[in-house]
Amino acid sequence: MPRPQDVHTQIPVSKVLLRIILSKDDIRKIHTDSEPETLDSFHSFLKCKLGLHRDFVVQFQDPDFGNEFCNLTSLSELPEEKATLKVILKQTPESPRTDSTLDTASLSSLSSSSLEDTPTCRRLWPDPFVTPQFSYDVELKLKRGNEAFQESGTLLNISKDTKSEILDKLAEEMYKYSAYPSPEQYDLVAQNLVKKHPCLREPGSVKGWYCWKFSLQFKMGNYRNKLRVSGCSELKVNCRNSGPKQKLKKAKKAEVSFLPDIPEGKTQNVLEEERAAIVAEMKKKRVDWKKVTDMMASTFSLRRKEIVEQPPLGAEVKARWPALFTDEQIEAEFARLTSTDLWATFVSGLDQYLERFLQMYRAKSHCIQTLSSLLSLLDDDNSVQKKRAVILRGLPHFLREDPSKLLKTAETTESEEQVAKGVNIGILLIQEEEDVLDFSVVLEEQIVLNGIRDFPHAGAMLVGLLFALNIDYPKELRYTFEVFQEVLLNIGGEQCSARVQTLV
């Protein structure tokens, strides 16, 4: 098999280490590799990395004005090593004016000022969950009730209407973070409610909040139904019908933007025309990557609708969305889905646990021969890059899973059909005799991404594609991918399995 070629061009980015302020609660660090060519290419890089849908203004700290923020008009204004930048969305004619910067759920096409009223554009679940402010009359009742509780331990006897108003507000607040909260999240909300307002404790209850939890679950169901009737895409997809019971389509990997509605001012026909334009652009010899990045951001809702509602085969998605199968767009899609920088977070998490993982591998190497063989690779090359690869390749062995389901080795003399056969989800290592040439990602016995420089990058791209295509993790590698997502990427890791807990 001939050596795979990387068919896309890297977007140039800045050498400086960037601290990006999106909002007061969302400040990100971006690692970059090379010099930018123009201000437009720098904007394209930021749009791709941050998963932005619309045009924006970049501001930098100007030393001439005491490091106050000013608009970035030239790359020469950036410092050489580190820079703090602020990203502010430009307003559309339909949008209300606002000076606020982008919120964590900036992956929608809405401004941050309207974001809080948009159910399908969410933020990460907060830790701790903050009980919201209720209406003035309810807050007044609770204040008096808390004072009485502190003085005499008297519990507040609330009316049915007051309780309903409290539950309505809590459901609305929870929905900003999850359409389908987990049992643990219901527990936390109910606990925090009675912690803030002890007068609401349940008489005769050991925990004091158990009935509040069940009331919340019913209220969330009613709230979802109300939004479903109103036309919310994320909930309409689970509308019951007279046919056989269908599997619930919801965010399973802690996505913050799982199935967004079509942006204001757009229609499905308009988005379909943009999709066709992406396909046409990808066929050109010189691809306009800024144009592709903008259209991929704009068509996010259409793409998710296709992938979530009627899950297609990976080959079908690649035919309709060829740009999605490039490194840059995998990272951009992952950012839209999770509000997380895929590669920077993955490698940062890996480096954080590097020495701990190596220590545990060495402790187990006497009874797991493959771990011993992998560790011996560090005798000749003890670089950080080599350690990362050894850690990731050793995970299935350490977690007692089937490593052949994650990585398969192939020679250049073999055809693509031969090497991909039998691989549903995994990574191919392409080598010539003892020399490693590159890595490829395989989905459904098809090579969907090739020319990847190393195993850690291939692992990150594989996770990104599974998120982008809404594909479940393979059961044979359940714990390996749990480590990838919940430990290294720190997404949805509130309740790790007992086996993964041993690693952290």
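**Strands, loops and aromatic rings in a predicted model**

N67 has a relative accessibility of 43%, so it counts as partly exposed; the scale used here takes buried as under 20% relative accessible area, exposed as over 50% and partly exposed as in between, with a 1.4 Å probe and protein chains only. Before I continue, two remarks on the basis of these values. The model is predicted, so local features need a pLDDT of at least 70 and side-chain atom pairs count only at pLDDT 80 or more, while totals for chains, interfaces and linings use all residues. Residues are numbered from 1 along each chain as its sequence is written, and side-chain values use heavy atoms, with hydrogens and water left out.

To return to N67, this residue is found in the loop between strand 3 and strand 4 (68-71). Strands here are DSSP runs of E with at least two residues, and helices are runs of H or I with at least four, both numbered from the N terminus. As background, most residues other than glycine have a negative phi. E444 is a further case: it is not a glycine, yet its phi is positive at about 55°. E444 is found in the loop between strand 8 (435-443) and strand 9, and its relative accessible area of 31% makes it partly exposed.

I turn next to strand 5, residues 82-89. Six of its eight residues are buried, so the strand is mostly covered. Which strands pair with strand 5? Pairing requires that DSSP finds at least two bridges between two strands. Strand 1 (residues 17-23) runs parallel to strand 5, and five bridges join them; L17 stands opposite K82 of strand 5. Strand 3 (residues 56-62) pairs with strand 5 in the antiparallel sense, also over five bridges, and there F56 has L89 as its bridge partner.

Strand 9 (residues 446-452) contains V448. Is V448 buried or exposed? Its relative accessibility is 6%, so V448 counts as buried. Leaving aside neighbours within four places in sequence, V448 is in contact (heavy atoms within 4.5 Å) with K318, F325, V441, L443 and L465. K318 is 130 residues away from V448 along the chain, yet their C-alpha atoms are separated by 7.8 Å.

Finally, the rings. Rings of Phe, Tyr and Trp (its six-membered ring) pair if their centres lie within 6.5 Å; planes under 30 degrees apart count as stacked, over 60 as edge-to-face and the rest as tilted. How many aromatic pairs does a search of the whole structure find? The search finds twelve. One of them is F334 with F467, edge-to-face at 4.9 Å centre to centre and 70° between the planes. This pair links distant parts of the chain, 133 residues apart: F334 lies in helix 12 (residues 327-338) and F467 in helix 18 (residues 455-468). Both F334 and F467 are buried. Y473 and F481 have ring centres 4.9 Å apart and planes at 15°, so this pair is stacked.

Charges over rings complete the account; the criterion is NZ of Lys or CZ of Arg within 6 Å of the ring centre and within 35 degrees of the ring normal. K163 lies over the face of W212, 5.3 Å from the ring centre. R303 places its charged end over the ring of W321, at 4.8 Å from the centre.
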